[in-house]
Amino acid sequence: MTEALEACKPMAPAPHVLHVDADDSTALILATLLVPEIRVSRAGSMEHAAARLDKEKFDLIIVDADLPDGDGQVLVDAMRARGCHMPVLLYSARQPSLHHQAHAYLPKPWTSPRQLWQAVCRLLELDLAVPR
């Protein structure tokens, strides 16, 4: 009976991640890796990301430092200056500066899907860090 009741409980909503990256292939790979356990939205530029951050709530931001309209680290600095302290994963081919304000950094494209999955789970504090 307890198992049946547990099965009927509504599932918690999936965490919502904003992926800020201009590269379509990276966006597709990341979304394929994380969905359906994690809801992924994408912004292809700093301007688009800033607009989404003003209107929507996210649990994590994954940002590339190399964006068509500027440095993704500047976006993170601006978020922090506005008092936004959501976790940030810098996922970029460019090494971060010593003073970056991201919670974690993974090098692109050398990070394995397993490493990316585990980093996202850790930052979201999810108990899903098993290899998929």
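Student: What should I know about the model before we start, numbering included?
Tutor: The model is predicted: local features need pLDDT of at least 70, side-chain atom pairs count only at pLDDT 80 or more, and totals for chains, interfaces and linings use all residues. Residues are numbered from 1 along each chain as its sequence is written, and side-chain values use heavy atoms, with hydrogens and water left out.

Student: Start with β6. How many of its residues are buried?
Tutor: 5 of its 5 residues are buried. Buried means under 20% relative accessible area, exposed over 50% and partly exposed in between, with a 1.4 Å probe and protein chains only. Strands are DSSP runs of E with at least two residues, helices are runs of H or I with at least four, and both are numbered from the N terminus.

Student: Which way do the β6 residues point?
Tutor: Val-88, Leu-90 and Ser-92 point one way, and Leu-89 and Tyr-91 the other way. In a regular strand the side chains alternate between the two faces of the sheet.

Student: Which strands does β6 pair with?
Tutor: β3 pairs with β6 in the parallel sense over 3 bridges, and β7 runs parallel to β6 with 4 bridges. Two strands pair if DSSP finds at least two bridges between them. Leu-90 stands opposite Val-63 and also opposite Tyr-105 in β7.

Student: What sits over the ring of Tyr-91?
Tutor: The charged end of Lys-108, 5.9 Å from the ring centre. The rule asks for NZ of Lys or CZ of Arg within 6 Å of the ring centre and within 35 degrees of the ring normal.

Student: Lys-108 again: which residue does a cis peptide bond join to Lys-108?
Tutor: Pro-109, with omega about 5°. Pro-109 lies in the loop between β7 and α5. Another cis peptide bond joins Val-35 and Pro-36, with omega about 15°, and Pro-36 is in the loop between α2 and β2. Most residues other than glycine have a negative phi, and most peptide bonds are trans.

Student: Where is Asp-21, and what does Asp-21 touch?
Tutor: Asp-21 is in the loop between β1 and α2, and is buried at a relative accessible area of 1%. Not counting residues up to four places away in sequence, Asp-21 touches Thr-26, Arg-42, Ala-43, Gly-44, Asp-64, Leu-67 and Lys-108. Contact means heavy atoms within 4.5 Å. The C-alpha atoms of Asp-21 and Val-63 are separated by 6.2 Å, though the two are 42 residues apart along the chain.

Student: On to α5. What span should α5 have?
Tutor: Its 12 residues, 113–124, should span 16 Å, and the end C-alpha atoms are 16 Å apart, which agrees. The expected span is 1.5 Å times one less than the number of residues.

Student: Which α5 residues are buried, and what covers them?
Tutor: The buried ones are Leu-116, Trp-117, Ala-119, Val-120, Cys-121, Leu-123 and Leu-124. The cover includes β1, α2, β3, β6 and β7.

Student: Last one: is Arg-52 buried or exposed?
Tutor: Buried, at 19% relative accessibility. Arg-52 is in helix α3, and a polar contact of 2.7 Å joins its side chain to that of Glu-56. A polar contact is a pair of N or O atoms within 3.5 Å; within protein, one must be able to donate a hydrogen and the other to accept it, and residues adjacent in sequence count only if both atoms are side-chain atoms.
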